Amino acid sequence: MTTPLLQVRDLSVVFPPRRGRPPVKAVDRVSFDIEPGHTVGLVGESGSGKTTTGRAILQLQPITGGSVSLLGRELTGMSRSEVRAMRRHMQFVLQNPYSSLHPRMKVADILAEPLKVHRSVAKAEIPDRVAELMRLVNMDPAVVKRYPHEFSGGQRQRIVIARALAVNPDFVVCDEPVSALDVRTQAQIVELLHDLQSKLKLSYLFIAHDLAIVRAVAHRVAVMYGGRIVELGDADDVYENPVHPYTKNLLEAVPIPDPVRQRAKLASAAPDPNFRGRDAETGPCVFGEDHAHTGTPEWHEVGPGHGVSCRFWPPGVSPIRS
Amino acid sequence: MVFIGLAMLAVLLLIVVFGPSIAPYSPSKTSPNSLDGPSMMHWLGTDSIGRDLLSRLIVGGRGTLLITFVAVALALAAGLVLGLTSGYMGGKVDLIVMRLLDVIFAFPVFLLAIAVVAALGPTLRNLILTIAIVYTPAMARVVRGPVLSVKRWDHVEAARSVGVGEFAIAIRHVLPMVISPILVQTSLILANTIFTVTALSFLGLGPPPPDPNWGSMLAEARQFMELAPLTVIGPAVAIIFASLTFIVLANGLRELLDVGSR
Amino acid sequence: MLEVRDLVAEFTREGEILRVVKSIGFDIAPGEAVGFVGESGSGKSVTARAVMRLAPEGSSIRWGGRILFKGQDLLALSEREMTDVRGHRIAMVFQDPMASLNPVMTVGQQIDDMLMRHMGMTRAQARKRTVELLGLVGIRDPEHRADDYPHQFSGGMRQRVLIAIAVSCQPDLLIADEPTTALDVTVQAQILRLLMRLRRELGMALMLITHDFGVIAGMVERVYVMNNGEIVESGEIDALFAAPKHPYTQALLAAVPRIETKRSA
């Protein structure tokens, strides 16, 4: 049993109150592991906290509580320079390829920057490494003399990925890496990420709202709602045997590119579930356990490696015991 | 637009750099032809003690413009440091720096100038310093504004996630993106400063005689307005031309650099 | 009901003429739902705007060809005549509701205005109908919500308001340009169902523009596939999905991610 590459325990991020609005629990005791060379998909709708989770793990967002441990080292207590040193192991691919590259820097310089910051390669060897990175993402090394605006969205995203790989990280957080791209480009980038994972033994935290795309890359999937993970398990389990009502709702809502099935789906009456209905934290949960009493976390194993939260169950709904 | 501005700027720079060499006469050379109108010998006429007006305008322009450029350059340097630091770091640093600058900002230029001159003497150096200090808060604000917005841009966060240090991010990733708006604003501030410099010299707080400058020329010429109008119109037009140069340049730069969009 | 022939759209940028729609033709029968699908830059949005004769923000477009709506060529109408058509006979729903709603007017006022202008109602009559419409689009407590401002609604609710405005004057044709792209997937499903229901109840024709094959699959009977300003394939939707003929359509459909497809090893 290998040690997980990344261990997140009870991660919490609370946004302070401002201008009459109460404090917001953007991330509420999130816990999961990522094994080396594996992808955990983090799905959820807007406001679920998935992007904040990703940024908090990368220490780009102040954390209110919990722990994040990468390669066995605890990130949350580290000084700024220690975190910066750790960044060579954890990188970030952002959503918008049009804004995540410095508009006034040539691609060659953009790719060289991480190499210089972490001194991972001798100065003389930087151009070679830059060319190697371009080839890794299936781009012609000769174009590094150009500026980002000379490239298409898909090409820019490849450059972003190349930059992320520059210092041989172990772990990459991809935050909606393909949402801004056309469908054919999306497919290409997803394939690229997939190949790079097997080639370089990378681990990904793949954050996205598109469940179909996540299925293509994720080994395990975590579903977020209201700042919490409501379901976590192997991708096949979560997609084919969802337990939490929110997961089921989410999967049901995904449009199917098959006219007959999609028409049937739309024709069926949509329930309008109230996920915050049973908000009371006292008394027994839907699994019959009184957590306030026993002090146990609101999490239940429903299968091997497949767990579900007992929070956010609509009133009257209970798990079907198999 | 930019080209017109640059052409005008070229004229000003010519005066600044080559001033005394291109003036037909020495500005302090007197002659018996006082308060003459334009003639072949004196293209713009003479002043009350027969000095050639054109030469005095050229050399005076040098003085006025040099003071302006140097003062604004100093203010820009200070403003860049303060604005970038304050804007990028935010929080308490931002609060303290901005409050301190507000104190300076609250002072009327002339009061401060008089105070400094009274305390330290009416030298050229003091005038430049006073103006630089007075304009530093405005410059800092001009820098801070764009910095506040640019520091939130994606490529900045991307650089941070790569492991680039905060100082390097501020210099390499934020600063280049705020240069455009700063350039435009600096040009506008230059337009404004010309007036301040000439006003201060007009009040006698500028460089002492015999060095000519447009402000003091205006002051001297007031009494002779009706007798020799050019002695007043000359400096006035020169001041307006200089100020206009920077405004035209600012507008041209704004179009050229497409400030406001990425 | 709608016959478009030789439609061309061009605009000039920096002295160059860009032709974004290159002479296309299509039909929409009364009550029919037709889809336009393609990637960004395919010209599908511009085509939708052509029918409303709305230039995309900030640019000036020149239209060519004929857009025959119930026999009348919309491109030949004066701007004044066109404003009578817009909102009343043909209505449009856009991607970003916040950009299309007036932030300083209550939603009730915005719908009232439409009704008074196009349907000649008095304010009292309009308000009654407005409340009915808000209820029709699934907004709870419509009587009170009518007095709320757009920013007081969530994204999905705002889109419902936009739809209410669009259907208020019972248009013959509703054009929806990426109506659910900015919405969460659960909200998207609700809005799609709403559009279907309204179509049935009001007998409107629907012109749906989207890049999402899942969205188009359940909503339309026929579909036009656009690429680079041209229609590359069109047909009845079940047939097109089952056996696409044009290589571009085939490539697009092959690239669409399917939720049942497991991760390849």
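A:Val172 has A:Tyr204 as its bridge partner in S8(A). This pair belongs to a predicted model, in which strand S7 (residues 171-175) and strand S8 (residues 203-208) of chain A pair in the parallel sense over five bridges.

- Eight strands of chain A form an open sheet with mixed pairing, in the order S6-S7-S8-S3-S9-S10-S12-S11.
- The edges are taken by S6 and by strand S11 (299-303) of chain A; each has a single partner strand, so one side of each is left without a neighbour in the sheet.
- On average, and with direction ignored, neighbouring strands of this sheet are turned by 20 degrees against each other.
- Helix H5 (residues 153-165) of chain A lies across S6 and S7 of chain A, and its direction is at about 175 degrees to S6(A).

**A helix pair in chain B**

- Two packed helices are described by the angle between their axes and the distance between the axes.
- For helix H2 (residues 53-89) and helix H9 (residues 230-257) of chain B, the axes come within 11 Å and cross at roughly 35 degrees.
- The crossing of H2(B) and H9(B) is right-handed.
- From H2(B), the residues that meet H9(B) are B:Leu53, B:Leu57, B:Gly61 and B:Leu65; from H9(B), the residues that meet H2(B) are B:Leu230, B:Thr231, B:Gly234, B:Pro235, B:Ala238 and B:Ala242.
- By class, this contact of H2(B) with H9(B) comprises seven nonpolar and three polar residues, with no charged residue.

**Contacts between chains C and A**

- Chain C places 31 residues in contact with 33 residues of chain A.
- On the side of chain C that touches chain A, two or more residues each come from helix H8 (185-202), helix H9 (213-219), helix H10 (237-242) and helix H11 (247-255) of chain C.
- H8(C) gives the most to this side of chain C, with eight residues.
- The residues on this side of chain C are 15 nonpolar, eight polar and eight charged.

**Contacts between chains A and B**

- Chain A has 20 residues in contact with 14 residues of chain B.
- Strand S6 (90-93) and helix H3 (107-118) of chain A are the elements that give two or more residues to the side of chain A that touches chain B.
- Of the elements on this side of chain A, H3(A) gives the most, with four residues.
- Eight nonpolar, six polar and six charged residues make up the side of chain A that touches chain B.

Methods. Residues are numbered from 1 along each chain as its sequence is written. Chains are lettered from A and ligands numbered from 1 in the order in which they are written. This is a predicted model: local features need pLDDT of at least 70, side-chain atom pairs count only at pLDDT 80 or more; totals for chains, interfaces and linings use all residues. Two residues are in contact if their C-beta atoms, placed from the backbone, lie within 7 Å. Ala, Val, Leu, Ile, Met, Phe, Trp, Tyr, Cys and Pro count as nonpolar, Asp, Glu, Lys and Arg as charged, and the others, Gly among them, as polar. Axes are lines fitted to C-alpha atoms, for helices over the stretch in contact, and angles run from 0 to 180 degrees between N-to-C directions. A crossing is left-handed if the near helix is turned anticlockwise from the far one by less than a right angle, and right-handed if clockwise. Two strands pair if DSSP finds at least two bridges between them.
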